[in-house]
Amino acid sequence: MDDELNITYITLDGHVEVHKYRYLYFVIMLTVYILIICCNFTIVCLIWIHNNLHEPMYIFIAALLINSVVSTSNIYPKLLIDFMSEKQIISYSTCLFQFFLFYSLGSSEFLLLAVMAYDRYVSICKPLQYPTIMTKTTVSIFLCLAWLVPACHIAVLVIMSVDMKLCNLTLRGIFCNNSIYNLHCVSSRVRSIFGVITVIITALFPLLFILFTYTRILIITYRSCRNVRKKAAQTCLPHLLVLISFSCLCAYDIIIVRLGSEFPKTARLIMTLQMILYHPLFNPIIYGLKMKEISKHLKKLFCQTKAM
């Protein structure tokens, strides 16, 4: 506790032998962070530049990739600073802000994937109505809701936690996630109930909607001709792969928080790194390789680079 400024600091206790391997950790994480930014923004720029990619599906992909970059930037800079610091600490207010961004952006990803599933459903199952349903206004409303709804819900949880008394100043992790609840002297029943409601609205409902939508697409395309099935597979498979990847990330987060005390410190660190390492790189790789139009523009870009 800093008495002069009245700032409460939390010790991040999830690091393993950081003083011994600080330079190795720093180089690896900095390299990954640069790769995440470059890979995601390359595809975002391609979507921005090429007019044939100015369609709802690609706009939603761009939003998803921007979401990944912002979420990564919420964690990586602080991690890099911690690797080179003698003490791995964070102020409680900054910790709450990191918690807010991590979960609001994570929930936004579920909602964006749900919107993308609906977009694919309309495109494949109602192609004649697609231009009138997926208008620019509709796309804008979906994007706003995907970011604002989770942000409002997580903001309420953060506000509930601001004035709660802390009895523990050591966080079992390398960044601020649900483990911050273990810092409080008493658990709030109201906050717990609201947290469950938030999970249902921003994660469970979108997940069920996605599964229902892709089941409908599968049933309808199964009865259709081969070309329709091929188109459905080409556009839906990348979204399903990203959904599976992100669901695994969420499962990791729940396991780490709920069973953290039973896990060895090294195992907990490895699981945490799984959450923040592969998924932000997985998205651009999947969309870059599996989406035909994006893949075509990427090949042109790399061919031009080699020619220069």
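Predicted model: local features only at pLDDT ≥ 70, side-chain atom pairs only at ≥ 80, totals over all residues.
## Helix H6

Helix H6 runs through residues 189–222, which makes 34 residues. At 1.5 Å a residue, H6 should span 50 Å. Its end C-alpha atoms lie 47 Å apart, so the two values agree. H6 also has a kink of about 40°, centred on Ile200.

Several residues of H6 are buried, among them Arg191, Gly195, Thr198, Pro206 and Tyr214. Val196 is found in helix H6.

## Aromatic pairs

The structure holds nine aromatic pairs. One of them joins Phe99 and Tyr103. Their ring centres are 4.9 Å apart, with 55° between the planes, and the pair is tilted. Both residues sit in helix H3, residues 92–125. They are four residues apart, so about one helical turn separates them. Phe99 is buried, at 2% relative accessible area. Tyr103 is buried too, at 14%.

Tyr118 and Phe142 form an edge-to-face pair. Tyr118 is partly exposed, with a relative accessible area of 25%. Phe142 is partly exposed as well, at 23%.

There is also an aromatic cluster, formed by Phe99, Phe102, Tyr103, Phe175 and Tyr181.

## Salt bridges

The count comes to five salt bridges. In one of them, Arg22 meets Glu86, with the closest N and O atoms 3.8 Å apart. Arg22 lies in helix H1 and Glu86 in the loop between helix H2 and strand S2, so the bridge ties together parts that are 64 residues apart in sequence. Arg22 is buried, at 9% relative accessible area, whereas Glu86 is exposed, at 61%.

Glu17 and Lys20 form another bridge, at 3.9 Å from N to O. Glu17 is partly exposed, at 46%. Lys20 is exposed, at 58%.

Lys296 and Glu293 also pair, with their closest N and O atoms 3.4 Å apart. Both are in helix H9, residues 292–307. They are three residues apart, so about one helical turn lies between them. Lys296 is partly exposed, with a relative accessible area of 40%.

How values were computed: Residues numbered from 1 in each chain as written. Heavy atoms only, no water. Helix = DSSP H or I, 4+ residues; strand = E, 2+ residues; numbered from the N terminus. Expected span 1.5 Å × (residues − 1). Bend = angle between axes of the 7 residues up to and from the residue. Buried < 20%, exposed > 50% of the residue type's maximum accessible area, 1.4 Å probe, protein only. Phe/Tyr/Trp six-rings, centres within 6.5 Å; stacked < 30°, edge-to-face > 60°. Salt bridge = Lys/Arg side-chain N within 4 Å of Asp/Glu carboxyl O.
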